[in-house]
Amino acid sequence: MPPPRPGGRQRAGVVPGHVACVMDGNGRWAAQRDLPRTSGHSAAEATVIDVIEAARAAGVRWLSLYAFSTENWSRPGAEVDYLLRLVRRVVRKHAPLLHARGIRCRFLGNTDPRIPAGLARDFADLTLLTSRNQGMTLTVAFDHGGRRDIVEAARSLIRSGAAPDAVDEDAFAAHLPFPDTPDVDLVIRTSGEQRISNFMLWQVAYAEWVFPPVLWPDFRAAHFLECLDTYQRRQRRFGGVSAEPNGDEGL
Ligand code: IPE
Ligand code: IPE
Ligand code: MG
């Protein structure tokens with residue numbers, strides 16, 4: 001994807017370069033089945049693998065998945081423990097497949113001292129294993145908060161001694177974690193909820209959003225492709241005017 005052109009316009013009719021998913025609805029999926037919430041989290045594993053494969057096959061270059069927010073630490077301890085164990089198991093189990101597919105993996109956030117050392121090690125191992133891969137970049141947002149990233153970037157900028165007048169958007173963004181991350185083109189939030197929940201706040205500034213009602217454990221490659229299709233029919237304006245009929249292009 002070309003970078004956004006402020007004040008310009010752009011047909012979205014291409015595969016989005018960066019897709020980000022807020023994987024929501026696991027608890028409701030379980031509740032619908034009279035199962036504990038943790039069953040919904042387990043069922044999410046199959047969706048994650050399906051979506052990674054669908055994105056890669058569709059030609060998406062950057063895929064970001066919101067797995068655990070800084071706010072999710074407020075959930076009951078047993079649920080948090082289950083999620084920590086589940087993520088570890090999923091990372092270990094699928095590391096060979098991700099590597100074989102040429103996917104570069106990394107973990108965004110991941111700074112809280114409550115993260116067990118073993119899990120942090122597995123994150124680091126997978127990051128290192130796949131660091132030279134040239135295929136899709138998969139960013140798993142774990143213990144992630146968009147506001148925290150912005151505050152940390154501000155701290156880093158101040159520490160660098162940058163002159164206030166030298167700080168522009170690019171200079172600021174260079175202090176965010178993984179500064180090579182392009183702006184998000186498309187956010188998919190499953191389960192029908194329509195909010196950001198502190199996800200990649202800087203990077204979603206001009207993203208298109210879709211809110212499929214399907215709960216994350218039921219979301220499959222076909223749903224993902226439908227979301228890409230919806231995106232491709234959108235017109236992105238970046239604050240400019242439309243070239244379509246009614247866009248008053250002739251004024
Ligand atoms: C998303 O599903 C998973 C995480 C936030 C870790 P939820 O657990 O939020 O599911 P609902 O929203 O309660 O259905
Ligand atoms: C957002 O979902 C976080 C993740 C998907 C990891 P939540 O379910 O935690 O968000 P809220 O509480 O509905 O805003
Ligand atoms: Mg939720």
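Reply: Happy to! Helices here are DSSP runs of H or I with at least four residues, and strands are E runs of at least two, numbered from the N terminus. Please keep in mind that this is a predicted model: local features need pLDDT of at least 70, side-chain atom pairs count only at pLDDT 80 or more, and totals for chains, interfaces and linings use all residues. Residues are numbered from 1 along each chain as its sequence is written, chains are lettered from A and ligands numbered from 1 in the order in which they are written, and side-chain values use heavy atoms, leaving out hydrogens and water.

Helix 2 covers residues 37-58, and its axis lies 11 Å from that of helix 3, at an angle of about 25° (axes are lines fitted to C-alpha atoms, for helices over the stretch in contact, with angles from 0 to 180 degrees between N-to-C directions). The two helices are therefore roughly parallel (under 35 degrees; over 145 is roughly antiparallel, 65 to 115 roughly perpendicular, and the rest oblique). From helix 2, R37, T38, H41, S42, E45, I49 and I52 make the contact, and they meet E79, Y82, L83, L86, R89, V90, K93, H94, L97 and L98 of helix 3 (contact means heavy atoms within 4.5 Å). By class there are eight nonpolar, four polar and five charged residues (Ala, Val, Leu, Ile, Met, Phe, Trp, Tyr, Cys and Pro count as nonpolar, Asp, Glu, Lys and Arg as charged, and the others, Gly among them, as polar).

Some of these residues turn up again at a ligand. R37, H41 and L83 are among the residues around ligand 1, together with M23, D24, G25, N26, G27, R28, A67, N72 and R75 (a residue is near a molecule or strand if one of its heavy atoms lies within 4 Å). A polar side-chain atom of R37 sits 2.8 Å from an oxygen atom of ligand 1, and R75 places a polar side-chain atom 2.7 Å from a ligand 1 oxygen (a polar contact is a pair of N or O atoms within 3.5 Å; within protein, one must be able to donate a hydrogen and the other to accept it, and residues adjacent in sequence count only if both atoms are side-chain atoms). G25 comes in through a backbone N or O atom, 3.4 Å from an oxygen atom of ligand 1.

R75 also belongs to the surroundings of ligand 2, as do M23, D24, A67 and N72. An N or O atom in the R75 side chain is 3.2 Å from an oxygen atom of ligand 2. D24 has a polar side-chain atom 3.2 Å from a ligand 2 oxygen, and for R195 the side-chain value is 2.8 Å.

Back on helix 2, there is also a contact with helix 7 (residues 221-233): their axes come within 9 Å and cross at roughly 45°. That pair is therefore oblique, and its crossing is right-handed. D50, V51, A54, A55 and A58 of helix 2 meet A221, F224, L225 and L228 of helix 7, a set with eight nonpolar residues, no polar ones and one charged.

Terms used:
Left-handed = near helix turned anticlockwise from the far one by under 90°.
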